[in-house]
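Here are my notes for you, written as numbered points. Have the structure open and follow along as you read.

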Amino acid sequence: MVFDWHSAELTSSTPVDANYKNSQNVRRFMLRECGEGFRFDRDFMAWIRNDIPKTLGDVVEEWKRRQRSI
């Protein structure tokens, strides 16, 4: 069964799989976890989809790490 990125409940343990979508549902999750300053950009989206297994928790931590280095 394919995960529904548009309407499924998302948590930090949700695996990012080959069917990952940058949906509004994901954006709401990221805003909730990262704050109002959250934005997708091309480099970050490429990192999310780089075929290395990760969870949404890993995605949140990577975004926060990138923000600290700015």
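1. Let's start at Arg68, which sits in helix α3. A quick word on names: helices (H or I, at least four residues) and strands (E, at least two) are DSSP runs, numbered from the N terminus. With a relative accessible area of 60%, Arg68 is exposed. The cut-offs go like this: buried means under 20% relative accessible area, exposed means over 50%, and partly exposed is in between, using a 1.4 Å probe and protein chains only. From Arg68 to Phe29 you count 39 residues in sequence, and their C-alpha atoms are 20 Å apart in space.

2. Before going further, keep in mind that this is a predicted model, so local features need pLDDT of at least 70 and side-chain atom pairs count only at pLDDT 80 or more, while totals for chains, interfaces and linings use all residues. Residues are numbered from 1 along each chain as its sequence is written, and side-chain values use heavy atoms, with hydrogens and water left out.

3. Side chains of opposite charge can pair when their charged atoms come close. The rule for a salt bridge is a side-chain nitrogen of Lys or Arg within 4 Å of a carboxyl oxygen of Asp or Glu, and by that rule the count is 2 salt bridges. One of them joins Glu62 to Arg65, at 2.7 Å from N to O. Both residues belong to helix α3 (residues 56-68) and are 3 residues apart, about one turn of the helix.

4. What does Arg66 form with Glu62? It's a salt bridge, with the closest N and O atoms 2.8 Å apart. Arg66 and Glu62 are 4 residues apart in helix α3, so about one helical turn separates them.

5. Now see how α3 meets another helix. Helix α1 (residues 24-34) packs with α3 at an angle of about 55 degrees, and their axes are 10 Å apart. Here the axes are lines fitted to C-alpha atoms, for helices over the stretch in contact, and angles run from 0 to 180 degrees between N-to-C directions. α1 and α3 are therefore oblique to each other; under 35 degrees would count as roughly parallel, over 145 as roughly antiparallel, 65 to 115 as roughly perpendicular, and the rest as oblique.

6. Which residues make the contact (heavy atoms within 4.5 Å) between these two helices? From α1 they are Phe29, Met30, Glu33 and Cys34, and from α3 they are Leu56, Val59, Val60, Trp63 and Lys64. They divide into 7 nonpolar, no polar and 2 charged residues. For that sorting, Ala, Val, Leu, Ile, Met, Phe, Trp, Tyr, Cys and Pro count as nonpolar, Asp, Glu, Lys and Arg as charged, and the others, Gly among them, as polar.

7. Is Trp5 buried or exposed? It's buried, at 1% relative accessibility. You'll find Trp5 in the segment before β1 (15-16). Leaving aside neighbours within four places in sequence, its contacts include Leu10, Pro15, Val16, Tyr20, Val26 and Leu56. Trp5 and Val16 are 11 residues apart along the chain, with 9.7 Å between their C-alpha atoms.

8. Finally, have a look at the loop between α2 (42-48) and β2 (54-55), where Asp51 is found. Asp51 isn't a glycine, yet it has a positive phi of about 70 degrees. Its relative accessible area is 75%, so Asp51 is exposed. Ile52 is in the loop between α2 and β2, and it is exposed at 52%. Ile52 and Ala18 are 34 residues apart in sequence, and 9.9 Å apart from C-alpha to C-alpha.

Note on methods. Contact = heavy atoms within 4.5 Å.
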